[in-house]
Each structure stands twice: as C-alpha cells, then as structure tokens.
Amino acid sequence: MGCSLQWRVRLLLCLGLFLHCGEARVNTETPTGPLYRVEDSPLSISCNVSGFKNADIKKHFEIRFKRNANSGVANIISSNDPGFGYASYQRRVYSKDITLERVSANSVLFEIKRLQKSDEGEYDCGVINPEYIYDGTYSAFTAVKVIDNSLSVSSPASTSRSYNEGDTFTSTCQASSNTIQHTHLSLAWYLHKDGEDDAQPIISLDRYFTLSPGPGFQGRYQAGLIQLDKIGEATYRLEMAQLKLSDRGRVFCRAQEWIQEPDRSWYSIAQKDTDETTLRVTARVVVPDTSSLVVRISAQSTTLQVGQKLSITCNINAQNLEDGFFSVAWLRGGVELARIGPTGVLSVGHEYSVREGELRAARISDNDFHVRLQPVRAEDQGEYFCRAWPQKRGQDGAFIQGAAQDSNSQRVIISATESGLSLQTLNDTSIKEGDGLKLTCKVNGYKGQLSVNWQRKSTATPAAIFTNVISLSQEGVTGKVEEFESRKVKATRPAIDTFTLEMDEVTPEDAGVYQCVVSEWENNRKTNSRSETATVTVTPAESFVKVKLISRNSVVTVGENVKLMCLVRGVHVPVTVAWSLQRDASIDNILMVYSSGAISWSGEQQHRYQLKIDKSETELIHYLLINAASHGEAGRYQCSVSHNAHKRPMQSNPLAVQVLDPVSKLILTSPPPMTVNIDTDVEMKCSVKSEPSASSRYSVTWQVEREAEKKTIVSSDRDAQVTFGSQLEPSDRQRISLRRTEGRSFELSIRQAWISDNGMYSCEVAEWIQRPQGDWYELSKMSTITHLTVTELVSKLILTSAPPMTVNIDTDVEMKCSVKSETSASSRYSVTWQVEREAEKKTIASSDRDAQVTFGSQLEPSDRRRISLRRTEGPSFELSIRQAWISDNGMYSCEVAEWIQRPQGDWYELSKMSTTTNLTVIELEKNLSILKKEAELNVSSSEDFTIPCQITKQSSNESEFQVTWFWQNQTAIFTSYRNATLQDRLGKGDRLRFSHPLPAQFILTVLKPGPEDSGLYSCEVEEWIHSLTHGWRKLAAEKSGFMTVNVNAEGDARRISECNSGTWIGILVAFIICALLVIFLLVLKICRGEVSGGKKSGQSLWAEQHPLNTKPSAED
C-alpha cells in the first residue's frame, strides 16, 4: 500500500514538471493592435513583463519602431540608456514629446504626446534579460494606425446671454465625423463656474446613446427641467428650464469620438469643444405669499389698427407692497409676451423674441407695470391678462416663487389700416441637398421705407415656432442670427420691390416653412407689416447621389497592376472622397481627397498607390491605381463620398481585390533514415532541388514528432535569423545548431545525441518572393521527413592490471591503475580505492567525476596525513602511502566508474571495472656494522689519544646514530645522541673532545691523559629510524672491538709511538698508490672508447649509477 502511494506521488510530481516544461516562464505583454489614433493626439502603450525569478528587481525596457515590412528597425528610447534612441527620435525624447515612464519594477508606460503621420507602424517593447538563461518571450509588438482627425463640432456663435432666475436656457450643438473606421460619438454640455478649476457636466449622451445627468443636476433632470434632444442628423439641443443662480458660468458643448479596440474596450480618439457662452442669471426678490394680492389690467386703447401702439398696464396691490418682491407677466391667451422679474429684469417671451425691438416693458411705479407693443399686427388681436407672483428670497439669495394671481382679461381688437402694402404669394420650393436656396418676396402698394425679416420653422416638430434667419433693415443693414453666423446666408434687395433670401449648400435640416415679413416705416416708426410663407423641401443626397466602385481586373497575380474606379453620379457640388481597405476585421484608411482639393495620405500608403481624378458634368471618377500589386494590397476596397461635414459619408459597394501567388516549383531532397549511437554527433540535411527564381529566399523550420506530439526545434527566417522553439529546453539549445551550406541546403546538427532525441524529424522549407515594392511574401511550403534512431552506448572501459608490491617498512608506496580503453573522449571517471584485510574491506579514499577527493569514514586521522590520491594523464589514478607500515599490508582494489553526460547536462554511470594489487610491507633488514678491530695503544702522559668509532654499514640511508664510549667495558664515558646532543658521563668534559668528521665516523679524543686513564676502551652504536606513524625507534645496536690504552711515562712511550707512526704512514702510502692506479685505468678506458668511434660506451663509473660507499669497510 505504501509503495503504491509513493508511486502515485512521484507520477503526479513528474506530470507537473512535464506540464511546467511546456510553458514559457517569462512573458512580455503589450496591448493587442492595431490601435487607431488621430494625428496630433497622444499615444500610450503599456508594457508589462512577468515570470522572472526575482520580481522585485527593476527590469529595463527598450522601445523600437518599424514603419513597415520593408523598413529597418529604429531605436526610440530605453529605460537605462539615454543614448539608445536614433538621432531622428532624440530631439523628441529631449523635448519630452516621447517618454518612457516606469510604473513598477516590471512595467513601463511608453507615451507620445503628439502623434505624427510618420509614427504609423509597429512598436516593439523588449525587456533586457537580467538572468543567465532564456525561457519565454522577451518582447511584444503593437501596431499603430494614424488617421486624420475628422471630428467636427460647432455651435451658434454667442459670447454672452442673460436670463432671469427661473427662465429657460436653450443651446444647440452640431457634431459629426467622417472617419472611415466604425466609430461612435458622445456629446455633453458642461458648465464652468467662475472660480472653479474644472467644468461640471450638465447632461451627456454617451456612445451608446444613453442620457446621463451630471452631478448636481440629477434632480432637475428627473423633474424634466433639463432635456437633451436630437433635432437633426447631427444637431443636438440642450434646454434648461427654471434657471438658478448657481447656473451662472460659461457653457460649452464637447464631442468625443470613440473607437473599439481589439480587446473590445472603447477608446476616445478625438475630442473637440465649442466656444464658451457666458450664461448670466439675475436673482429675483421674493416677498411672503399673501392672499390679499390683487392684480388689475387696463389698456390705453382696446381698438387699434395695424401699425399702431398697444399699451397695457398691470396694477398690483398687496400688504407691505413696498417691502416685497413680485414678478409680473403679460400674456395673450396662453402665450407670454414679456415678464419683469423681482429685481426688475425684463425677459421677452419665446414667440415674441423675434419682435424684441418692437416690445418694451417697465415698472413705472411701486404698483404699476407697463408694456408697449408697436407696431401691432393683425395676429396680435386677442384676450390679454396680467399674472403676478410674490417672490421670497431664501438664505442662499435665491428666490422662491409663490402662488400666481391673474387679473381679469382685456379684449383687444386690431383692424387692418388703409395701407396698400401687400406681398405676392411665395411659391413652395423643392431642392436637392447641397444646392443653393433662393426665395423671392415681391412687395406692392407700399409708401414708406421697407425692411424684411426672413424667418423659418421646422416641420418636423408640430409645436415649432418661427425663428429669425436673417434680416435687412430699412437702412440696408443685414442682421444674421447666431445659428446661421457660419453659414453662407444673405438677404438682398435686387430691385426696389423685391427681397431675396439666398442660402448655399442646403442640408435636410434646412427644410421647413420660411416666412418673409416685410414692414413699412414712416419717420422711423413701423406703421405696417405683411408676411407670406413658403414650404421648402430638401431632398437628401442619398436619394440622388450614387456611388459605385468598379474594376476591370480585380483578380491579379503578384506584380500586376490594378485600377479601381469610384464613380460618383448626381453630385454637382465639391465633395470629399475617401478610400479605405478592409483586411479581416481591421479597416485601413488609404487617402482622403477633400472638397478643397487637398489630399491626405495615411501612413506610407502614398508609396503603394496612385490617384487620378476625372470630372464631367454628369459624374466624377476617382481612379485608385495599384502598381505591382502584392498580398498587402489584397482586401475589400471601398470609397465614400461626403459633401457635408455633419453627415455620415455615403459608402460605395465593397470591391474585393485578390492577389494570387505565382505557381511554386519548390522540390526538396529526401534524406534517408539515420541510426547512431548515443553521444554521437548527428547531422541531418534537407536541400532544395528545384531551380529558384532570381529573388527567391528560403525559411526553414525543423520539427520533431514523438508520441503523436510535434514541437518546433529551431527555425531560420529568410534572412537566416535563427530562432529556437519555445518548448526547447535550455540545455538542448546548447547542443543543437542550424546552418546553411552551399547548394541551398539546411543542416540540423545535434551534438552528443541521446535516447530522448529519437523521433521523426521534419524539415519544412518555405520559399519567399520579393514584391516590386521591396517587401517579401511566402510563395509555398514543402517538407521532408527523416527518422532518427539513437541506440545505447556499449562500454569500452578497460583497466591495466597492477603487479603485486613488496616494500620495506617506512618506504613510500605508489599504486596506480590506468584506463587503457574508454568509451568516449568526453567520458569522466570516478575512482574508489579499498583495502581488504582478514576478509574485511574498507574504503580508503574516493574521487568523484569532478575530481573531488573524499576519505573513507573508517580511515584513521593519522593515516589521512600519509595517504593521497591524484590523477595523471592517461587517465591514471594513483594512490600514494608515505612511509608504509606493517599495518598497511593488504589487498588493494581500484574501482573505476565511467560517466557519460546527457545532452540535458546531467551525468549517468555507464559501467564499472576494478583491479587489485597485493601490498606486502616487511621490516627493514638489520645491516648495521661497525669496525671491531682490536688495538693496543701506548702513549705518554703528554700525548692525546683518540678512540675512533667507525660505521661500516647501515640499514637505511635515513638512519640516525647514537654513539656511547665505554671504559673498562662497563663505565660510560661520553654519549653523542642522534639529535646531536652530547653528554659527558664522568664529568671530564675539560679533557674530552668530540668530533664527527664523516657521516659514518665518530671520534672521541682524550686530552693529556694520566696513568689512571689506562685501560680498555670501546664504543657502542645504536641505529634509529623515524616514521610518521611510529616516531623514532631503535633498529639495531653494535659494539666495537676493544682498544687497550697504556699511559706511561714520556720516555717509555716514544718507541711505541714511533712504531705506530710508521705503521700509519705505510697505510697512507698504500692508499695513494691504489688511487693513482684506479685513475690511470679510467683514463685508459676513456681513450679506447674514443678510438673505437660509434661503439656504445660501457657502464659508467659515476656515482649517480654506482654510489660510493662512504663508510669504510672492515678491511679498511
């Protein structure tokens, strides 16, 4: 059960490691492209990296740019190198137009403050790898498209407008865009109050056409006091009822254009504001509401003729009238003529705003309010009444309106005068969008001066009223209202009885009922007015302008030319024509030809296309020429036509252009299957057999398939840039290489192949052809397959056998085992030396494959100082034992293991082999020998005598000696120890002298002996040997012969002395004669050798081969 559980845990661990190996560790991310941005707008690209082992270390990033497939890569900016960017970008970097801001240790933000058309292209964000290995993706790309800013927003010009508190404010705004890409517009009105930094949104219409009131305006929006309506295709109107004092400030309209990014999020690519209109709101004074408020009305005359003056007075009575605040209004039916607020500010009703110069109102006393209308018109007849409201001022200064109180009604009758002023009936007119409108108003029967006021009301809204368009006074002064200030509108009087209204380039929003109001003047007083109306119908351009896109050759081969024709019929005004190309889900702008004749190319499109324009009375033809077409120009083309900045352009039918590849003739050679031994270098080759075209290049990808899973090993692009597969282990990247050889061959090399390299290898070659524009495209692909089988290695390890060894104790021992045959030149070896004694084996020392030496755990510390292990060439493994001892006896075994390195970098043991060597350590032979000659010496008391001690033979050259002299064979006189320490045993140091003239000769001299010094003298020599393990030990001891010394009076000793002197002189003469004889023989030998010429010389007598024995023999 336990074994089964362990097996499962190991299996899960291996499976986790396997799954982890298939994932790249490092990942670099930037936004998915393409990103569409308008010219002069900012660009921001975030760049994030993850997967590094140390996430807290600041990573450095580099931004590069590639304009198109044919251009090179340009350095822009780096987070750690100020001089990284090319000169063309350094100026923009220094001016902060281009910045790279660090967000975190693993993230930066790249920004361009104002985009240029030349900034269109592909941006590459790369991270500098701070580690020693590569595992993952270290760069990411984002494509950016730079388009024209076609957003247009306008509002009728008005710098300042004044209202009373409680009045209604109305403003219009026109917003549209001619962007070819699919975009949405959002619109909002803002109020910028005095003293505040930011403007507050009043109400907005977002890109999903959802209305949202701004903060602080929600309650008024829900109460219906704030409205935003779309009154035309591109016209929007804001209406704010019951204005408050807090509404004072500057009002403007803001339009934004939004595009959907590839990640499905929305981004604002353009924003424009209208000019600000100053909104002035005057406060009202309010008194407490009272039920005693009484309102009366009186008219100066209730029966009038057209052109006369209407005067109406409103009288109010209430308690504490002088201390209160009131608002008073005059109404005809339900239509308000004018109103005087609590602070005395006059406001004219909406319908009477066009007659503001004819209407006058004022407060003439505490109780009376007077209004005057001159000249009156027939339509001014009706029931008039006054309405008053008490007003109370709140703590914030704003007025609170009380209950209204109405007067009784007063009937006013207006009859026509005897004036002969009359107008001819206007004819209804129907025109096409873009045409000019001209209305003529004929006048008859007039007497005085004439003025005209042209008015218009929309037929789309039933409750619409006439609003002024343009006027021409009796002095000939033209007055144009704000809404038409930017339009080409004029009022003229070409003849004394004729007034005309001319308006250029009408739009469907200009349709409606137009009214010509002609007034007669005498003595600067308007005496009479007449009006006529005409209905103007505007036919939208979509119903008569036709746009069609055609081509005679929309399917071509790479390098052929394509001509596209955009036919525009039914248009007789200047238009803007735009060309676009759709590939997959993205739409690219090609160019835009404006109605003014200006041409705007997008990015590098000008180098790929040509434009030609033909114009006739009936149609306009725009030719788009594609010279030497490539796959980059394939897609769905469309042209669009626009003649009104506030209308969506009219699209032509899409036309698909197909660019086909030439027929490929690519043929590859098929390499045969391969079977190799493990650790063998493998070379697989695939070659192009067919003849290439003049511009052909090749990219190659090597893949391997194992167990139905295929992964990429390495690839080389058409520029021979080699890239390893993302699933390839770092250790494999060091073994695998790809190179190109002559004859268009692609060779995959695997060094030291391993069992894991088995598989089905495929070589996929793609042929690339260069387009006329210089960029490249893939023509075709072909692949071949090679089966690789890697077999296990067979060990060839053989060791040399070492012979048995017998050595003396304290001798240095070197045992060697050598590799006679090895499996691979890259093999490594581990060695273990062991010794077996009495059927027990223990490890002495071992060396792993990295030559790391380890002593056996059972080895004594003293032995570790004597034993060493080293490697020599061969390879050979040498065990050294210094000053071997008897305990070192045994059977020594040398076990060698051969190791092979796998391609992944780890090592495995291929085989083992061992040899044995028997070591026998024997005691040193005791060869100590000293001169034992018996002698007799007669000396006088005045003569010194010497007691020599001569060593003739020693057991070892490393021996040290201790010499002791005895008298009468029992009494020790003097001792010379092995460490050169001297000891006077009898206290006669002043009469004894020690000398050591030769290594093997020790002499003790007795100075001025006396008769008491007579007797037997001898010496004893002890031989000592030193070892690391046992220190000093006595090996042997020998005694010399006796020397009898007789100390006599001086006369008795002379004869004996002379005899002894003669004896020594004879010995010296004999020694000299022998030496001369030896020298003579050596000279004779050398001379014969030179005479014999090329003969090999005999054995040398030099001491290096026959060391001279410095110790005298017993015969000496």
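Is Tyr-190 buried or exposed? At 16% relative accessibility, Tyr-190 counts as buried, where buried means under 20% relative accessible area, exposed means over 50%, and partly exposed covers what lies in between (1.4 Å probe, protein chains only). The model is a predicted one, in which local features need pLDDT of at least 70 and side-chain atom pairs count only at pLDDT 80 or more, while totals for chains, interfaces and linings use all residues. Residues are numbered from 1 along each chain as its sequence is written, and side-chain values use heavy atoms, with hydrogens and water left out.

Tyr-190 is a handy place to start with the rings. A search of the whole structure turns up 18 aromatic pairs; rings of Phe, Tyr and Trp (its six-membered ring) pair if their centres lie within 6.5 Å, and planes under 30 degrees apart count as stacked, over 60 as edge-to-face and the rest as tilted. One of these pairs is stacked: Tyr-190 and Phe-252, 5.5 Å centre to centre with 10° between the planes. Since Tyr-190 lies in strand β13 (residues 183-192) and Phe-252 in strand β18 (residues 249-260), the pair ties together parts that are 62 residues apart in sequence. Strands here (E, at least two residues) and helices (H or I, at least four) are DSSP runs, numbered from the N terminus. Phe-252 is buried too, with a relative accessible area of 6%. Elsewhere, the charged end of Lys-612 sits over the ring of Tyr-623, 5.4 Å from its centre.

Trp-965 and Phe-974 make a tilted pair, 6.3 Å centre to centre and 55° between the planes, and both of these residues are buried. Ring pairs also link Phe-65, Tyr-89, Phe-110 and Tyr-123 into a cluster.

Next come the cysteines. A disulfide is a covalent bond between the sulfur atoms of two cysteines. Counting pairs of cysteine sulfur atoms within 2.5 Å gives 8 disulfides. Among them is the one joining Cys-314 to Cys-386, S to S 1.5 Å. Its torsion about the S-S bond is about -75°, so this disulfide is left-handed. Cys-314 lies in strand β23 (residues 310-317) and Cys-386 in strand β29 (residues 382-393), so the pair ties together parts that are 72 residues apart in sequence. Cys-314 is buried at 0% relative accessibility, and Cys-386 is buried with a relative accessible area of 0%.

Another disulfide joins Cys-686 to Cys-763, S to S 1.9 Å. With Cys-686 in strand β55 (residues 682-687) and Cys-763 in strand β61 (residues 759-770), this pair ties together parts that are 77 residues apart in sequence. Cys-817 and Cys-894 form a disulfide as well, their sulfur atoms 1.9 Å apart. That pair links distant parts of the chain, from strand β65 (residues 813-821) to strand β71 (residues 890-901), 77 residues apart. Cys-817 is buried at a relative accessible area of 1%, and Cys-894 is buried at 0%.

On to the charged side chains: the structure holds 37 salt bridges, each a side-chain nitrogen of Lys or Arg within 4 Å of a carboxyl oxygen of Asp or Glu. In one of them, Asp-406 meets Arg-387, the closest N and O atoms being 2.7 Å apart. Asp-406 lies in strand β31 (residues 405-406) and Arg-387 in strand β29, so the pair ties together parts that are 19 residues apart in sequence. Asp-406 is partly exposed at 35%, as is Arg-387 at 24%. Glu-633 and Arg-608 also meet in a salt bridge (2.7 Å, N to O). Here Glu-633 is buried, with a relative accessible area of 1%, whereas Arg-608 is partly exposed at 25%. Arg-25, Glu-131 and Asp-135 are linked in a network of salt bridges.

Last, the surface: Leu-1068, Phe-1071, Ile-1072, Leu-1076, Ile-1079 and Val-1083 make a nonpolar patch of about 620 Å². Val-1083 is found in helix α6 (residues 1052-1091) and is partly exposed at 46% relative accessibility. Patches are made of residues with over 30% relative accessible area and no salt bridge, with like charges joined within 9 Å and nonpolar side chains (Val, Leu, Ile, Met, Phe, Trp, Tyr) within 5 Å. Accessible areas come from the Shrake-Rupley method with a 1.4 Å probe, and for residues only the protein chains shown count as cover.

Conventions: A charge sits over a ring if NZ of Lys or CZ of Arg is within 6 Å of the ring centre and within 35 degrees of the ring normal.
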